[in-house]
Amino acid sequence: MIGLRDSVAGRLVLGVISLLVLVFLGLPIVLILVTSFGSDALGSFPPESWTLTWYQQLFADGSKWPAALALSATVAALTTVFSVVLGMMAAIALVRSDLPLRSAVYGLVLAPLVIPQVVVALGLFLLFEPAAMLGSPIAIALGHTVLATPIAVMILMATLKGIDERLEDAAASMGAGRLTIARRITFPLAAPGVIAAAIFSFITSFDEFFISQFLSSVDTITLPVQVFNVLQFDVDPSVTAVAALLIAVALVALGLVALLRRFGTGKQGGLLPVETGVPAGGEPK
Amino acid sequence: MAVLAPPPEPVVAAAATGGWRRRLSGRRTRFGLLNATPVVVYLLVLFVYPIFSTLLLSLKDEDGGFTLHWYADALSGTSLDILLITLRISAETSAISLVVGFLLAYWITRLRPIWAGLVMLVVVVPHFISALVRTYGWIILLGDHGLVNETLVALHVPGAPFQLLYNELGVVIGTTSVMLPYTVLLLYAVMRGVDRGLIAAAASMGAGRLVTFFRVYLPLVAPGLVNAGILSFILCLGYYLTPALMGGPKQTMVASLIDEQVMKNNQWNGASALGVILLLLTFAGLLSLRLVKSVSEAAKNRGGA
């Protein structure tokens, strides 16, 4: 920046502080990945020797992890379907139509991001408890959809805004019917955004803790709730391997989104929810 | 004239109602309503209604009559202490995130684009990794024999090893690491929007480094700073994971208390009152955000910086 002619010393100090902050952000993640392969899964860094024991233990007989993983995957898949369908319709209504009370609808859709999750979780608990639905994967997925839909809507709105409507008009002028236009023009253009929305919905649900905690029962426990329970009450060194797996899932998901951006068609702004300018988040997952 | 200018009022009224009817019957409008209905119904049933029932429950006594005593309970004794602790930890966390986030975001704006992209990756990737997992990483790092203490001991820092876990320091470290990426993203977006011409202009007219920074740059990014600070404060208020895992009994936050009331004590009314208090604090934060926004826009419109 031209005007802020920082001195060399000032620049150096800023640089060193910033690098330390980056280490602060990255270190816990790197540490988990490395120690999950170390012989002493709860301690010394770098590990003295390497092993795959903790990963093997995850799938040993009597391990409670496979069931938790299966439940989390099921719930995340359901959430993805719900929130992409709801999100796509909402995005179409918000971007492509003359919607009365548009800003009220938009505000309602984004509200779950700023309302404390404990309040949402408590409300859902009060809703599902009398219905005897605690512990039902469907109930947990319905709860997660409340959090995943705003993210899907933001991504899909950005996607739809990035599609040139003149392409559809051109197709119409050349005699294409509405279904043909949707199938041949709109959907292929929107596909990368839809996939990104699906990926982020999946991750949101897969990592979600609080709603799962409130809606789980003794025999339906999602992966994050299981990790939390182990950290708070038990000692199970294989939890490090689970944590590493959760990191790997998130990295694969982000990698896929990055690939979509690279190969996606031209203007694909805002595949990451953080890029759309609306504060992403709510309680971080 | 009489024909060209008919009595104004009936026409306006007719146009208004006709307008409404026309708007609601327009094809694009019907299309919008059709597509918006599912999400609106969904959120009304699974988001608005549950929160509303929380509110009702917090105002009901054992016999179903109206009472405020759950709020009196929530605002006295241990519960009040927990509320104050929550406010304090949230304030500390958002203040540290803001200062550290400001430095990092400012540094990134001055990097070459390729480096800025790489550094932003280091900021964004943790944002999408489960906070639970990152918290676990910190628990390993900050333990008595964790990497941080081992390093401090090896460097012969007096007093090491320190107690870094199960106290307020641990909670603030953990929560800050969770909130920081979010703060940096918000601040970076604001800083990138700063018109560099203004800064060059200040410098060209002889303003020194500090004057340029405090009189030109800081006022330009101030609304963004307030925005990021309030948002991270709001997010901290209801935060559960990290304080529950990295704090001791003295760092219990409201979310943990709500969890305990529901899961252990079966005390739904009390938990609801706490939830509503949390909600009101959040609304207060959002409202002040609105206020700051309108004030800064008014300042901009007056042409004052």
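Before we look at how two helices pack, a word on terms: a helix axis here is a line fitted to C-alpha atoms over the stretch in contact, and the angle between two axes runs from 0 to 180 degrees between N-to-C directions. Keep in mind, too, that this is a predicted model.

With that in hand, go to chain B and find helix 9, residues 196-204, and helix 10. These two pack at an angle of about 145°, and their axes are 10 Å apart. The crossing of helix 9 of chain B and helix 10 of chain B is right-handed. On the helix 9 side, the residues making the contact are B:Leu198, B:Ile199, B:Ala202 and B:Ala203, while helix 10 of chain B brings B:Thr212, B:Val216 and B:Tyr217. Sort the residues of this contact by type and you get 6 nonpolar, 1 polar and no charged.

Stay on helix 10 of chain B, which covers residues 209-237, and you'll find B:Leu218 in it. Is B:Leu218 buried or exposed? It counts as exposed, because it has 12 C-beta neighbours inside 10 Å and the cut-off for exposed is 12 or fewer. From B:Leu218 to B:Met191 is 27 residues in sequence, and the C-alpha to C-alpha distance between them is 9.9 Å.

Now switch over to chain A. Its secondary structure is 11 helices and 0 strands. Of the 285 residues in chain A, 48% are buried. Take the contacts in chain A between residues at least 6 apart in sequence: 75% of them join residues at least 24 apart.

How confident is the predictor about chain A? The mean pLDDT of chain A is 86, with 88% of its residues at 70 or more. Residues 276-285 of chain A are another matter, with pLDDT below 50, although this stretch has 32 contacts in the model beyond near neighbours in sequence.

In the model, 73 residues of chain A are in contact with 84 residues of chain B. Several helices of chain A each supply at least two residues of the side that touches chain B, among them helix 3 (65-96), helix 6 (137-162) and helix 8 (178-207). Which helix of chain A gives the largest share of that side? That's helix 1 of chain A, with 15 residues. By type, the residues on the side of chain A that touches chain B divide into 55 nonpolar, 12 polar and 6 charged.

Notes. Residues numbered from 1 in each chain as written. Chains lettered and ligands numbered in written order. Predicted model: local features only at pLDDT ≥ 70, side-chain atom pairs only at ≥ 80, totals over all residues. Helix = DSSP H or I, 4+ residues; strand = E, 2+ residues; numbered from the N terminus. Buried ≥ 20, exposed ≤ 12 C-beta atoms within 10 Å, placed from the backbone. pLDDT = per-residue confidence, 0-100. Contact = placed C-beta atoms within 7 Å. Nonpolar A, V, L, I, M, F, W, Y, C, P; charged D, E, K, R; others polar. Left-handed = near helix turned anticlockwise from the far one by under 90°.
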